[in-house]
2 protein chains.
Amino acid sequence: MQVKILGSAAGGGFPQWNCACPNCSGVRNGHFEGKPRLQTQLAVSGDGATWFLLGASPDLRAQIESAPDLHPRNGFRHSPIAGAILASADLDHVLGLLLLRELQPLRVYATESVLHQLRDENRMFAMLNRIPEQVRWSVIRAEEQIALQTVEGTSLGIDCKSVALSSRLPAYATGSANSNDAVIGLILSNNSGRKLGFFPQLPCLTPELHALFASLDFLLMDGTFWSDDELIRLQGTGQRARDMGHIPVGGREGTLEQLKALAKPRKMYIHINNTNPMLNEAGPEYRQVRDAGWELAGDGCQLTL
Amino acid sequence: MQVKILGSAAGGGFPQWNCACPNCSGVRNGHFEGKPRLQTQLAVSGDGATWFLLGASPDLRAQIESAPDLHPRNGFRHSPIAGAILASADLDHVLGLLLLRELQPLRVYATESVLHQLRDENRMFAMLNRIPEQVRWSVIRAEEQIALQTVEGTSLGIDCKSVALSSRLPAYATGSANSNDAVIGLILSNNSGRKLGFFPQLPCLTPELHALFASLDFLLMDGTFWSDDELIRLQGTGQRARDMGHIPVGGREGTLEQLKALAKPRKMYIHINNTNPMLNEAGPEYRQVRDAGWELAGDGCQLTL
């Protein structure tokens, strides 16, 4: 299984358009040990020819152009991208679908809660169903394992299992979901049993999740915020990380401490907010992350599992 | 009045993710006399300090980062961007608003038809009204002239007049608008009487519009398609340019021929589709455009009126 990391920032990217925090100012003026990042986006493939997206970032157009493997190859209108799997209905995770509206056959896997937000509550996504052979929406159910397929029914050689995490809908939606499938984690595995875990939003950490993470070969973990009050300290106002569904990285209750016994998988933080001090590779937080055996996912990184 | 051209392509940009037409293939492999383009986006300012966007392209994040004048200057959260004016509710013209959702005070001017699509028909745009001091929506009426103002009431020194063009709503919407304000053109003027016309979508050309164009100093004109059947010839299927609300550039009924007597304004084509042969600067269509006194708008171009 090939994995391309096309983006690794949280919503808004790094730098963020209206932010002049030390990270954003630093990366703009070049006096910063750290890299700019597009919004979180993965692409996975079993054979290097047909690709599935994990998420659909608002930066997807630039992300596709940055990766020659994702450029069209056959005929005037073609794409090696066969579809996408969505882990939530968050704007920074779904808006990119609207950038794929040019009448291409695609399969989009998502839970019922997410499909409801896009298909029943939003007319714009009807642009993905203007002709019969365009997007086919496929429901994924929590804990169910499915074999990824193109619209034409060709297997990708990759299985996907979803892990239900939360009933918390995005801020634009009203109410909450009926079930805890509004936010999911994704476990992708190939024929040789190698496993990737993609958890860009982790609202809670249970013993079951801990055991699941320990079984993985590669874990991409919610690295949105370093501390629970990160935005409040910076802006004087805002929400806490946990109130937004993100366990922070640092601190006694953070994922770095809570997952310190995790030995097997290669471990990267992804979906990193522009305000997160660990983006500064000259700072103590970055050193703490590296010393604990974690990496920061970076745009353009490619791995084979 | 300062004018920045931050993007000049039609929806999908150039190259387009799933297109391997001669233009897109050529610009990807480097064997092409012509430039890649982000989706159409302008920024205008009276004083160089406070800016208004014309349209809100899906590429807006990259477009803002590409222009240092648009980076934050004062405090941790700030932007020199004070608002946006919308000429339609087309996805490639409005999606960028959702990229400006980080609690910044902004004024957005649009017609009632456009505001209805965004505010009444779409929950996602509620992200622009999460706190009291965020987006203020202001109705612009056809033919009415308004003085652009920030949310705080500071004048930009720029007047804006809208020209009603069509009742044609975007393809994602159902039905059509009650009035012909679903698509408008924008005339911006400053204190010294210099006038900019922005018409990224021109469905019809009347004697009144011809006279209006002749009074301008700078005209940015719909350059989406070269010929009416451009997409059909390339793909074997699709809509005609005129059915999508765009007068083509070439041919006897095209804007190049119809507007050949237009002497005064500096004239640029913008909103150029990836399939338009005039993008190839080695081709006869580009030569025809240049010989007629027109230019192609290019990303990064900046003018002072």
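User: Where in chain B does Leu103(B) lie?

Analyst: Leu103(B) is found in the loop between helix H3 (91–94) and strand S5 (106–110) of chain B. Helices (H or I, at least four residues) and strands (E, at least two) are DSSP runs, numbered from the N terminus. This is a predicted model, in which local features need pLDDT of at least 70 and side-chain atom pairs count only at pLDDT 80 or more, while totals for chains, interfaces and linings use all residues. Residues are numbered from 1 along each chain as its sequence is written, chains are lettered from A and ligands numbered from 1 in the order in which they are written, and side-chain values use heavy atoms, without hydrogens and water.

User: Why is Leu103(B) called partly exposed?

Analyst: The relative accessible area of Leu103(B) is 34%. Buried means under 20%, exposed over 50%, and partly exposed in between (1.4 Å probe, protein chains only). Leu103(B) is therefore partly exposed. Its backbone has a positive phi of about 60°, although Leu103(B) is not a glycine. Most residues other than glycine have a negative phi.

User: What makes Ser192(B) count as exposed?

Analyst: Ser192(B) has 58% relative accessibility and therefore counts as exposed. It lies in the loop between strand S9 (183–190) and strand S10 (195–199) of chain B.

User: How do you know on which side of H1(A) the buried residues lie?

Analyst: The buried residues of helix H1 (residues 22–29) of chain A are Asn23(A), Cys24(A), Gly26(A) and Val27(A). They lie on the same side of H1(A) because they cover an arc of only 165° around the axis. That arc is taken from the directions between the helix axis and the C-beta atoms.

User: What makes S7(A) and strand S8 of chain A paired strands?

Analyst: Two strands pair if DSSP finds at least two bridges between them. Four bridges join S7(A) to strand S8 (residues 155–166) of chain A, and the two run antiparallel; by the definition they therefore pair. Ala147(A), for example, stands opposite Asp159(A) in S8(A).

User: How do you know what relation chain B has to chain A?

Analyst: A rotation of 180° with 0.0 Å of shift along its axis superposes chain B on chain A (RMSD 0.0 Å).

User: How many residues of chain B are in contact with chain A?

Analyst: There are 59 such residues of chain B, in contact with 59 residues of chain A. Contact means heavy atoms within 4.5 Å. The two chains bury about 5,000 Å² between them, 56% of it on carbon and sulfur atoms; buried area is the accessible area (1.4 Å probe) lost on being put together, summed over both parts. Trp17(B), Arg61(B) and Arg123(B) lose the most area in chain B, together 20% of what that side buries.

Conventions: Copies are superposed by least squares on the C-alpha atoms of residues with pLDDT of at least 70 in both.
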